[in-house]
Amino acid sequence: MTRQTQNYQAVFKRYEKKYLLNRRQYEDLSALLAEHMHEDQFGLHTVSSVYLDTDSYEIIRESLAKPAYKEKLRLRSYGTPGPHDTVYLELKKKVDGIVYKRRTDMSLREAERYLRAGIRPARGSSQILSEIDWFMGRRPLRPRVVISCDRLALAGDEDPNFRVTFDFNMRWRADHLSLADGSGGAPLISPEYCLMEVKTAGALPLWLSRFLSEEKIFPTSFSKYGTCYRDHLLKGDEVSCRTKEDLPYAG
């Protein structure tokens, strides 16, 4: 069962910095974060996203070329949704380092019908759907890959809008492209590493900047979908699990 989110935020504008941490770095940083942050209401949870692209992967190829402006479309769930559970269709844009995210909620059945046949859902933001309509109308898109992870989300004690997330056990699959098929897949990168994302409207807190500097932990342009395309899809990797029941980490 997917989580239900009331009064979710539909529009984001923020800076997002990413860092790849090994196990020791994560453990050292966790002790510091505990002094300044707390788990949000969802704690550790599973996030799965279906990425939409063309048959020749035009969107991710353009993104990997590092243009000043790039965008991607994905369908996201928290947990494994049933047909009537809520999912989020997201149009994510990045302009000169600033992330703009527009998303609208709908049931999984409505989302899949919309993406397959263009039938608009009964609920959801009409303005955001119009933007997604325009994006999808530029070139034929279809689900290409599912990427999942186990996410720990933290919020600042003094500023709840300051957020840090850790993504563990990142995994992917290029078949069973419905979110209803669970969160299983093959490892995206070595499980010894996790991805930290720092999400803020301004500068990093001094205590965090000092730690990262002292530990020589630097930002990375790591993209889950980009890594999946470059390290797996381009090489023709196949997920060995061919049925839902065989998928590891299945939600």
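## Basis of the model

Helices (H or I, at least four residues) and strands (E, at least two) are taken here as DSSP runs, numbered from the N terminus. The structure is a predicted model, in which local features need pLDDT of at least 70 and side-chain atom pairs count only at pLDDT 80 or more, whereas totals for chains, interfaces and linings use all residues. Residues are numbered from 1 along each chain as its sequence is written, and side-chain values use heavy atoms, with hydrogens and water left out.

## Overall content

The chain holds six helices and nine strands. Of its 251 residues, 53% are buried, where buried means under 20% relative accessible area, exposed means over 50%, and partly exposed covers the range in between (1.4 Å probe, protein chains only). Contact is defined as heavy atoms within 4.5 Å; among the contacts between residues at least 6 apart in sequence, 71% join residues at least 24 apart.

## Packing of α1 against α5

Helix α1 (residues 23-33) packs with helix α5 (residues 206-214) at an angle of about 160°, and their axes are 11 Å apart. The axes are lines fitted to C-alpha atoms, for helices over the stretch in contact, and the angles run from 0 to 180 degrees between N-to-C directions. Angles under 35 degrees count as roughly parallel, those over 145 as roughly antiparallel, those from 65 to 115 as roughly perpendicular, and the rest as oblique; α1 and α5 are therefore roughly antiparallel to each other. Their crossing is right-handed, a crossing being left-handed if the near helix is turned anticlockwise from the far one by less than a right angle, and right-handed if clockwise.

On the α1 side the contact is made by Gln 25, Asp 28, Leu 29, Leu 32 and Leu 33, which meet Trp 207, Leu 208 and Phe 211 of α5. The residues of this contact divide into six nonpolar, one polar and one charged, in a scheme where Ala, Val, Leu, Ile, Met, Phe, Trp, Tyr, Cys and Pro count as nonpolar, Asp, Glu, Lys and Arg as charged, and the others, Gly among them, as polar.

## Cysteines

A disulfide is a covalent bond between the sulfur atoms of two cysteines. When a disulfide is taken as a pair of cysteine sulfur atoms within 2.5 Å, the count comes to zero. Cys 149 is buried, with a relative accessible area of 3%, and Cys 228 is buried at 0%.

Cys 194 is found in strand β9 (residues 193-200) and counts as buried at 3% relative accessibility. Its C-alpha atom is 6.6 Å from that of Asn 22, although Cys 194 and Asn 22 are 172 residues apart in sequence. Leaving aside residues up to four places away in sequence, Cys 194 touches Tyr 19, Leu 20, Leu 21, Tyr 26, Phe 166, Asp 167, Phe 168 and Met 170.

## Buried positions in helices

Lys 224 lies in helix α6 (residues 224-233) and is buried, with a relative accessible area of 11%. Beyond residues up to four places away in sequence, the partners that Lys 224 touches include Cys 149, Arg 151, Asp 167, Met 170 and Glu 197.

Tyr 114, in helix α3 (residues 108-117), is buried at 2% relative accessibility, and among the residues it touches, not counting those up to four places away in sequence, are Leu 89, Arg 120, Pro 121, Asp 133 and Met 136.

## Backbone and loop positions

Most residues other than glycine have a negative phi, and most peptide bonds are trans. Asn 169, in strand β7 (residues 163-173), has a positive phi near 50° and is partly exposed, with a relative accessible area of 27%. His 176, which is not a glycine, likewise has a positive phi of about 50°; this residue is placed in the loop between β7 and β8 (186-187) and counts as partly exposed at 24% relative accessibility.

Ala 203 lies in the loop between β9 and α5 and counts as exposed at 70% relative accessibility. Ala 203 and Phe 162 are 41 residues apart in sequence, and their C-alpha atoms are 10.0 Å apart in space.
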